[in-house]
There are 2 protein chains.
Amino acid sequence: MKKVLLDETDLPDRWYNILPDLPAPPAPYLHPGTMQPLGPADLAPIFPQAIIAQEVSQDRWIEIPDQVREIYKIWRPTPLYRAERLERALETPARIYFKYEGVSPAGSHKPNTAVPQAYYNAQEGVKRLTTETGAGQWGSALALAGSFFDLEVTVYMVRVSYEQKPYRRALMETWGATVFASPTDRTNSGRAILARDFRFLGSLGIAISEAVEDAAIRDDSKYFLGSVVNHVLLHQTVIGQEAKKQMEMVGAYPDVVIGCVGGGSNYAGLAYPFMADRLSGARPDTRFIAAEPAACPTLTRGVYAYDFGDTAGVGPVAMMYTLGHNFVPDPIHAGGLRYHGDAPSLCLLVQQGLVEPRAYTQNQCFAEAVRFARVEGFLPAPEPSHALKAVAEEAAAAREAGDERVILFGLCGHGHFDMSAYDAYFAGKLEDVELSQQRIDTAVEELPKVPA
Amino acid sequence: MKKVLLDETDLPDRWYNILPDLPAPPAPYLHPGTMQPLGPADLAPIFPQAIIAQEVSQDRWIEIPDQVREIYKIWRPTPLYRAERLERALETPARIYFKYEGVSPAGSHKPNTAVPQAYYNAQEGVKRLTTETGAGQWGSALALAGSFFDLEVTVYMVRVSYEQKPYRRALMETWGATVFASPTDRTNSGRAILARDFRFLGSLGIAISEAVEDAAIRDDSKYFLGSVVNHVLLHQTVIGQEAKKQMEMVGAYPDVVIGCVGGGSNYAGLAYPFMADRLSGARPDTRFIAAEPAACPTLTRGVYAYDFGDTAGVGPVAMMYTLGHNFVPDPIHAGGLRYHGDAPSLCLLVQQGLVEPRAYTQNQCFAEAVRFARVEGFLPAPEPSHALKAVAEEAAAAREAGDERVILFGLCGHGHFDMSAYDAYFAGKLEDVELSQQRIDTAVEELPKVPA
């Protein structure tokens with residue numbers, strides 16, 4: 001069987017929340033002003049009640065509303081593939097499977113959380129959504145979700161991506177969203193940055209500050225996060241729950257689960273349902289590999305500390321691996337992997353040695369993406385090309401060890417809107433950036449001071 | 001049920017050939033030099049034997065090779081959707097279904113024929129494939145198919161599209177193809193055109209001439225056609241065969257089958273398996289609507305006559321509705337619908353009154369595409385936006401008549417590589433071109449003289 005399909009009736013009816021299963025209690029979010037633990041009330045100006053409840057929930061399972069499942073059914077369950085042609089190309093005895101999220105209308109996993117977030121906001125009378133986007137995948141997903149629930153959507157798009165990816169902007173506009181190149185002069189956060197450098201290319205951190213500020217000053221508006229926080233990660237677990245069923249159908253269980261990490265939601269969505277088996281002791285030997293760009297090596301080289309989630313320091317403060325909230329990575333083409341921190345739960349798992357992070361420069365990742373496209377057909381986005389590089393490493397290790405290990409990886413999106421990156425790769429114009437230790441040291445010097 | 005999925009075991013194992021079921025014998029192809037009926041030997045310099053046999057076959061069913069079915073399984077069977085949200089948006093009692101071919105790696109129906117063509121060529125020792133492409137969908141599909149069978153692929157891309165759609169070119173290059181902007185100085189046909197007008201924006205007719213010439217002068221090379229001819233149309237019938245099964249699964253049969261027509265292969269692929277039921281008398285009342293652009297209105301305003309398939313007159317001469325082989329349509333954004341003729345079998349069905357053609361200007365089509373994207377999520381290519389316009393007309397007719405007619409249409413590809421067209425639409429920059437009768441009269445004056 002080349003692809004493993006599930007019926008609509010196999011669509012999960014609940015999300016998996018890893019919080020109660022974590023090997024150590026997660027450090028609480030802190031209030032950006034007081035640096036004291038954050039209460040649900042502090043989140044109310046930003047998020048609707050249902051989302052806040054999910055964010056702090058200790059329930060292992062959270063029911064998916066029927067209206068959300070109805071929308072999910074447009075593209076879910078997504079296919080799981082056996083990549084036999086890739087196995088041959090990599091000359092490996094390993095069996096390689098991938099879960100393909102590029103079949104969603106937005107072309108990535110992002111609608112898995114955009115849709116429930118839009119739904120809960122619409123339920124609570126919100127009329128307008130604001131968010132940031134890097135590569136444009138999250139903004140596209142929110143524009144799509146907004147159109148399903150007749151919500152107005154405003155997107156702050158990191159300027160470098162806005163300019164590199166005009167067609168992502170056009171896509172968001174087709175679904176009815178309004179898109180601004182961040183930093184803008186519409187917010188205090190944006191104006192402050194522009195006053196320092198009016199040609200600034202933007203960063204996810206600044207775009208987040210602008211979107212949060214925009215939502216906070218208007219009663220009818222709420223802010224949407226595309227990654228990092230718990231409720232986003234748990235929405236994404238539909239991916240891994242389906243993948244588990246599909247692996248069962250082919251009688252296999254992964255020895256190693258691989259994905260790319262920007263904020264962590266795509267990888268957590270795939271990995272956490274398998275991680276549950278490792279944490280419970282049912283599958284103690286499964287390995288987990290998180291692939292990230294060497295230009296933004298949060299998990300491999302960041303410090304584990306409390307930091308602001310956004311540059312202006314208006315959002316919650318979280319314990320995570322961070323390069324510092326003022327860190328602005330070089331404009332690599334995997335725009336979705338340029339965040340200065342990572343999801344707190346994923347960071348905890350890395351810190352506990354349960355997830356192994358690896359960092360790669362971009363040319364070797366694009367080489368794997370092109371190899372994949374030529375044997376398996378589908379064109380990967382630049383982000384999952386990092387996962388493909390880790391897959392190639394594991395495939396080589398399997399060949400050397402002579403074992404038939406089962407590799408499962410997440411192909412979290414297609415690259416149809418990233419052809420300029422492929423073009424640059426073929427033209428030899430992609431730079432391989434390795435971050436200097438000095439730059440990291442400088443960036444983390446400005447971490448917030450947290451009372452003991 | 002929102003989408004109707006088939007299992008891999010439901011993938012058709014044979015293609016449907018409509019030739020033996022046509023209501024009148026099709027007029028034979030003529031040799032471009034002698035204007036006498038063409039024999040299989042005349043096609044040998046261009047096509048491999050297996051393709052020639054299919055082109056002239058009178059067998060109703062033709063077996064699909066296992067190796068082709070294996071590749072098909074990467075994206076087939078494709079989903080069929082009930083478009084309930086579109087029904088509500090159109091305020092119609094009609095039930096609207098669509099068959100979605102955008103899930104293929106190339107994003108359209110084109111790989112359905114590119115893959116078997118590449119397979120048969122590889123089987124017969126061909127090393128190199130040449131073809132033309134307009135919007136880039138066909139070239140992408142061939143680049144993809146070539147990569148599956150390790151064949152070198154050379155694509156002549158109509159210059160206006162080459163410039164409008166650089167990312168389509170990058171996509172073809174990612175799959176390993178070499179792409180030239182046509183007209184080129186690599187062929188006699190191209191040089192002759194450039195000598196007359198070195199800034200010429202190209203046409204499908206000229207690109208075909210170049211690709212045919214390129215294939216004919218090299219022993220290891222064969223030419224690939226993406227539409228119009230019989231073998232292409234029959235390869236596409238996997239679409240309609242699957243759709244029939246899927247409609248059965250929901251207990252419905254279409255009252256009207258709608259698709260867009262450039263050369264006719266996408267529409268024939270969807271419609272012919274249903275047309276078989278009409279021709280056999282099993283379903284005598286099914287209606288068939290072919291939607292085309294008003295800027296290139298072959299079926300609605302062309303003449304039914306023998307004409308060259310390509311501008312230089314090096315390929316077969318076919319009986320069809322044509323605007324003349326020298327006709328160059330204005331550069332509308334539905335690049336795949338700009339061919340001067342149409343598939344002979346489809347033309348015969350139009351001429352016999354079995355298929356109703358309708359022509360639409362592009363702004364009204366984009367309006368329907370945007371409506372569709374905002375309610376159903378998926379972003380249509382500009383080509384099937386013409387089908388959507390016909391769907392909207394039928395939906396309105398159903399409302400007026402108060403009937404619940406079942407509409408089935410083909411969403412033959414996504415528009416991820418056509419965002420510049422959406423951009424132009426939103427900016428009000430798309431022109432609505434209605435062809436003058438004088439221009440048609442002039443174009444058809446140069447039809448070849450055929451002995452009685």
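In this predicted model, strand β5 (residues 95-100) of chain B is largely enclosed by the rest of the structure, because five of its six residues are buried. Two partner strands can be followed from here. Strand β4 (residues 80-82) of chain B runs antiparallel to β5(B) and is joined to it by three bridges, with B:Tyr81 standing opposite B:Phe98 of β5(B). Strand β15 (residues 406-411) of chain B pairs with β5(B) in the parallel sense, over six bridges. In that pairing, B:Ile96 faces B:Ile407 of β15(B). As a reminder for reading such strands, side chains in a regular strand alternate between the two faces of the sheet.

Over all chains, a search of the whole structure finds 33 aromatic pairs. B:Tyr304 is in strand β12 (residues 303-308) of chain B and B:Tyr321 in strand β13 of chain B, so the pair ties together parts that are 17 residues apart in sequence. With a relative accessibility of 30%, B:Tyr304 counts as partly exposed, whereas B:Tyr321, at 12%, counts as buried. In chain A, one aromatic cluster is formed by A:Tyr81, A:Phe98, A:Tyr100, A:Phe372, A:Phe378 and A:Phe409.

Rings in chain B also meet charged side chains. The charged end of B:Arg14 sits over the ring of B:Trp61, 4.0 Å from its centre. B:Arg283 lies over the face of B:Tyr253, at 4.0 Å from the ring centre.

The loop between β13 (317-322) and α15 (344-351) of chain B holds B:His333. This histidine, B:His333, has a relative accessible area of 10%, so it is buried, the cut-off being under 20%. Leaving aside neighbours within four places in sequence, the contacts of B:His333 include B:Gln164, B:Lys165, B:Gln362, B:Phe366, B:Pro382 and B:Glu383. Also among them are B:Ser420, B:Ala421, B:Ala424 and B:Leu430.

Helix α6 (residues 137-148) of chain B has 12 residues and should span 16 Å at 1.5 Å a residue; its end C-alpha atoms are 17 Å apart, which agrees. α6(B) is mostly covered, with 12 of its 12 residues buried, including B:Trp138, B:Leu142 and B:Phe148. After α6(B) comes B:Asp150, which has a positive phi, near 55 degrees.

Helix α9 (residues 188-196) of chain A has A:Ser189, A:Gly190, A:Ile193 and A:Leu194 as its buried residues. Seen down the axis of α9(A), these residues fall within an arc of 125 degrees, so they line one face of the helix. An α-helix has 3.6 residues a turn, so residues three or four places apart point the same way. The buried residues of α9(A) pack against α10 (204-216) of chain A, while the face turned away from the buried side of α9(A) carries the exposed residues A:Asn188, A:Ala195 and A:Arg196.

How values were computed: Residues numbered from 1 in each chain as written. Chains lettered and ligands numbered in written order. Predicted model: local features only at pLDDT ≥ 70, side-chain atom pairs only at ≥ 80, totals over all residues. Heavy atoms only, no water. Helix = DSSP H or I, 4+ residues; strand = E, 2+ residues; numbered from the N terminus. Expected span 1.5 Å × (residues − 1). Buried < 20%, exposed > 50% of the residue type's maximum accessible area, 1.4 Å probe, protein only. Contact = heavy atoms within 4.5 Å. Pairing = 2+ DSSP bridges. Phe/Tyr/Trp six-rings, centres within 6.5 Å; stacked < 30°, edge-to-face > 60°. Lys NZ or Arg CZ within 6 Å of the ring centre and 35° of its normal. Arc of directions from axis to C-beta.
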